[in-house]
Amino acid sequence: MNIIVTDQGFGQDDWTLAYTTPDELADNSDAPALAIDLASDADPAVLAGKLDGIDMIRIDFPSFADGRGFTLARRLRLMGFNGRLRAKGHVIADQYAMARRSGFEEVEITPELAERQPWDQWKARATWQDHDYQNRLRGAV
């Protein structure tokens, strides 16, 4: 079972319902809780007008060198998505602050990655708000 990383530490996945794709969204729109799996090359515009009915969006990171998921997260937040936003796949501890800044609340990693990069490496980036240069420039920090 994969590990969920949040600012509080490593935890177990508490999402027990299935994920669907944007293509299947119309068929599952009456689900009590809806989660979408979004590929890194997806256009978030396919979810326009449907975000209120979605509880979680999980964005795939096929490689730690592929930063498209950060852009997707930011675009979804700017479109008004207020649900859970999860990065899944090849996200490393060094990228945690960027994940949080772009709108992700949690990161799903494999147990193998958690073993190679234990919580203390992620925790060093969990104070992401303290190092947000954009807010410092605006005088918000």
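Me: In what order do the strands of the open sheet stand?
Reply: Strands here are DSSP runs of E with at least two residues, and helices are runs of H or I with at least four, both numbered from the N terminus. Two strands pair if DSSP finds at least two bridges between them. In this predicted model, seven strands form an open sheet in the order β2-β1-β7-β6-β5-β4-β3, and the pairing is mixed. Local features need pLDDT of at least 70 and side-chain atom pairs 80 or more, while totals for chains, interfaces and linings use all residues. Residues are numbered from 1 along each chain as its sequence is written, and side-chain values use heavy atoms, without hydrogens and water.

Me: Which strands stand at the edges?
Reply: β2 and β3 (19–20) do; each has a single partner strand, so one side of each is left without a neighbour in the sheet.

Me: Are the residues on the two faces of β1 buried or exposed?
Reply: Buried means under 20% relative accessible area, exposed over 50%, and partly exposed in between, with a 1.4 Å probe and protein chains only. In β1, I3 and V5 on one side and I4 and T6 on the other are all buried, which leaves both faces covered.

Me: How many aromatic pairs does the structure hold?
Reply: Rings of Phe, Tyr and Trp (its six-membered ring) pair if their centres lie within 6.5 Å; planes under 30 degrees apart count as stacked, over 60 as edge-to-face and the rest as tilted. The structure holds five such pairs. In one of them, the rings of F10 and W119 have centres 6.0 Å apart and planes at 65 degrees, so the pair is edge-to-face. The pair links distant parts of the chain, as F10 in β2 and W119 in helix α4 (residues 119–123) are 109 residues apart. F10 is partly exposed at 32% relative accessibility, and W119 is partly exposed at 21%. The rings of W15 and Y19 have centres 6.5 Å apart and planes at 40 degrees, so that pair is tilted. W15 is buried at 15%, whereas Y19 is partly exposed at 22%. F61, F70 and F104 form one aromatic cluster.

Me: What sits over the ring of Y19?
Reply: A charge sits over a ring if NZ of Lys or CZ of Arg is within 6 Å of the ring centre and within 35 degrees of the ring normal. Here the charged end of R58 sits over the Y19 ring, 3.6 Å from its centre.
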